[in-house]
Amino acid sequence: MMKKSVTWLSVLSVSVAGVTSLGFSSAYAQSKATSVKPVTIVVASWSGTNVTNGIIDQQLARFNKTHPGIHAIYRPISGDYETILKTEFVAGDAPDIITLNNGGQAPTFEAEGAVVPLNSFMAKSHYSIKDFYPGAINMFISGKTVYGLPRDQSPLALYYNPVLFKQAGISGPPKTWAAFQADAHKLTDSKKKVYGLVQTPQEPRWAQFVYQAGGSIMNPAMTKMTLNTPAALKGFSFFINLYRHGVAAQPSEVGATWGGQALGMGKAAMALEGAWAIPYLQDTYPKTKFAIAPLPKGPVNNESLDFPTAWSITKDAQHPQQAWEVIQYLTGAGEAQWVEQGGLVTVRKSLVNMPYYRSHPIYSNIIKQMSNAIPWTFPNGFDQYVNSTLGNETLLAVEGKVTPKEALSQLQQQGQATLQNGGQ
Amino acid sequence: MAILALEAHRKSGLRQWKRKEATTAYLFSLPTILLLVGFSLGPAAYAFYLSGVSWNLLNSQHWVGLSNFSQIVTMPLFWTSVQNSVIFAAIVMPTQTIIAMVFAAILNQNLPARGLFRLAFFFPSISSSAVTSLMFMWIFNKLGLLNGFLLFFGVNGPDWIGDPRFALSAIMMLNIWSTSGYFMIIFLAGLQSIPQTMYEAAMIDGASGFQRFMKITVPLLKPSTFFIVVMGMIGTLQMFDQSFIISGGTGGPLNSTMTIALFIYQEIFSYGNVGLGAAATVFLFVLVLALTILTNRWLGKPIEY
């Protein structure tokens, strides 16, 4: 069964790519029969978001109009993006340009040499990275080598339902941890299955509490786990105790699959999500009112977690120079503004004052949160740790089968073991 | 002399004819042989080779011998997946076999709207398992159909998919529902081949309906039962898609829906441990082979009337 579905997908993607390239080249041949055949650059990303389902197509169409020697084609990858990409690398058929994701995926592709350094291209084109938010680009730089240029990002912010707040007699969104907890209590109505917070118990939804308590997940060089500190325990316990006190719930308990959906269903008074939830809520639950506030402040700060993505050139690219031109265009100030319409926020400081944000004030608190947000990332070899270990220990703590301290010491120990194995 | 020569000529002609016949046969089966070697046996052999290498898909392979096997047997997650798969097979396979047999026997009677019922029971097996998994996610939703039904009887249903104690049972129900119909059709075909005279003779001897089912139907369905038990066992031990979709590819909550096939998929494609995944594949192959041989000893004997 497994083999079947995987081959199916690759066959499908190959045939789709084949059909589109055929269609394009024949159309091209008709219009410009005399000139040299343009170089084809395949651009890949995951499917299923507003940015990747439409906006990239429009951007590449504009690019192709102004760059006659290059023909850029978008190939969305549906399903398990990194997995399918890896099999395409094995087949030697990887796209020329791919999107690097957060959560430890970028370091994996970088460390294995699947993507190439961009420094020489950047030097030749005098491309400056100073305009990018550090939270958006730092994750894609290793030492001095730049592997990816930021496409979009979003920090977590506090989504809330103002109607439920009003009913509970709360005037505004909580600004501190204490208020957050107290409000969650007031907003919970377990009979109606409405909870103060509905959130999947996972690390990318509690790491920011650790930062807010003055702790961290790993040291900045990512050579050591730092989950055994009192600050880390304080932040993690705060998150776990919301569930233990019955004021936070897992999405499945209210019949949802993620926090944003529970908010839309009116089952959650608050949820911690990024900008991706804005178009989702507006389209799927137009009747539910929601507002966005900065994260409540913890003992030390109100640091958030950021989820940036970047464009990158693969080692299989036959025409890296042309691929670079595509990336340069996509990440340039002229095109970087388009990600807004897909519910993600800009990676360029110079674009935060653009008209789109003034006419869409819902984004203002997400943009405010951007200046203090830490990118969500892990070193190479942490796939299993990120996908399974973190979630399992968090779930055990939420269910009360282990104490927050025991869960963190397990995570510390297993993370150290993963580091010692050197990414195996 | 002449007769001998003629005889020799005839013999060589026969040989020639046989050789020609064999060549033609092989030529006709060549497309299938090529497909089988290229897409089934070849990859299977390659999986055996991969079980001895260390490779993460993006780097180069190097030979590590049997160390992948010694590594997986010390992994708790591997034994969790084996345990889940074996429990899953041990419950689902007998249940689906019994349900399929009973429903086949009932639908073999002259009931009104028989065709409609046959269609309804067969329908799950012609629907895509991705679609039925999504459908069951709605049924098993905490506020879904099943819990609404249970609430009608005053039972407060659990969080079927989110609770590690119930997630595997939810997939079991889904699997039984989706496979019983297909096996029912095989039993129905088996029922057609049981001579009607036996039932008549038993009726004259005064055997009740239940006795006729237990003493005639069940034993004479043995060839079908053998096929269904073997196919059911292989299918349940290799269950992947339903776990994958219901857990979102993680095998969660808390690895409660982690099956061997999902473990293999995760190790190879998600975590880049191709060697470990291939070693688990070899383990699964040996397990299925051994159980199939045992079943063959138990059910594979020809029937004696």
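Q: How much area do domain 1 and domain 2 of chain A bury between them?
A: In this predicted model, domain 1 of chain A and domain 2 of chain A bury about 1400 Å² between them, with 56% of it on carbon and sulfur atoms.

Q: Which three residues of domain 1 supply more of that than any other three?
A: They are A:I362, A:I366 and A:Q369, which supply 41% of the area that domain 1 of chain A buries against domain 2 of chain A.

Q: And where are the two domains in the chain?
A: Domain 1 of chain A covers 2–153 + 308–370, and domain 2 of chain A covers 157–306 + 381–420. Between them, 17 residues of domain 1 are in contact with 21 residues of domain 2.

Q: How many salt bridges and polar contacts are there between these domains?
A: The count is 1 salt bridge, and 3 residue pairs are in polar contact, both residues being at pLDDT 80 or more.

Q: Which elements give two or more residues to the domain 1 side?
A: These are α4 (105–111) and α16 (364–370) of chain A. The largest share, 3 residues, comes from α16(A). By class, the side of domain 1 that touches domain 2 has 6 nonpolar, 10 polar and 1 charged residues.

Q: Changing topic: how many salt bridges are there over all chains?
A: The count over all chains is 9. One of them joins the side chains of A:R75 and A:E88, at 2.9 Å from N to O. This pair links distant parts of the chain, as A:R75 lies in strand β2 (residues 70–77) of chain A and A:E88 lies in helix α3 of chain A, 13 residues apart. The side chains of A:K86 and A:D383 also meet in a salt bridge, at 3.6 Å from N to O.

Q: Why can such side chains pair?
A: Side chains of opposite charge can do so when their charged atoms come close.

Q: What about chain A against chain B?
A: Here 28 residues of chain A are in contact with 25 residues of chain B. The two chains bury about 2600 Å² between them, 61% of it on carbon and sulfur atoms. Across this interface there are 0 salt bridges, and 4 residue pairs are in polar contact. On the chain A side, the elements giving two or more residues are α1 (2–31), α3 (81–90) and α17 (383–398), and α17(A) gives the largest share, 7 residues.

Q: Is chain B compact or spread out?
A: Chain B has 13 helices and 2 strands. Its radius of gyration is 26 Å, well over the 19 Å that the globule rule gives for 305 residues, so chain B is more spread out than a compact globule.

Key
Residues are numbered from 1 along each chain as its sequence is written. Chains are lettered from A and ligands numbered from 1 in the order in which they are written. This is a predicted model: local features need pLDDT of at least 70, side-chain atom pairs count only at pLDDT 80 or more; totals for chains, interfaces and linings use all residues. Side-chain values use heavy atoms; hydrogens and water are left out. Contact means heavy atoms within 4.5 Å. Buried area is the accessible area (1.4 Å probe) that two parts lose on being put together, summed over both. A salt bridge is a side-chain nitrogen of Lys or Arg within 4 Å of a carboxyl oxygen of Asp or Glu. A polar contact is a pair of N or O atoms within 3.5 Å; within protein, one must be able to donate a hydrogen and the other to accept it, and residues adjacent in sequence count only if both atoms are side-chain atoms. Helices (H or I, at least four residues) and strands (E, at least two) are DSSP runs, numbered from the N terminus. The radius of gyration is taken over C-alpha atoms; the globule rule is 2.2 Å times the number of residues to the power 0.38. Domain bounds come from an automatic or database domain assignment. Ala, Val, Leu, Ile, Met, Phe, Trp, Tyr, Cys and Pro count as nonpolar, Asp, Glu, Lys and Arg as charged, and the others, Gly among them, as polar.
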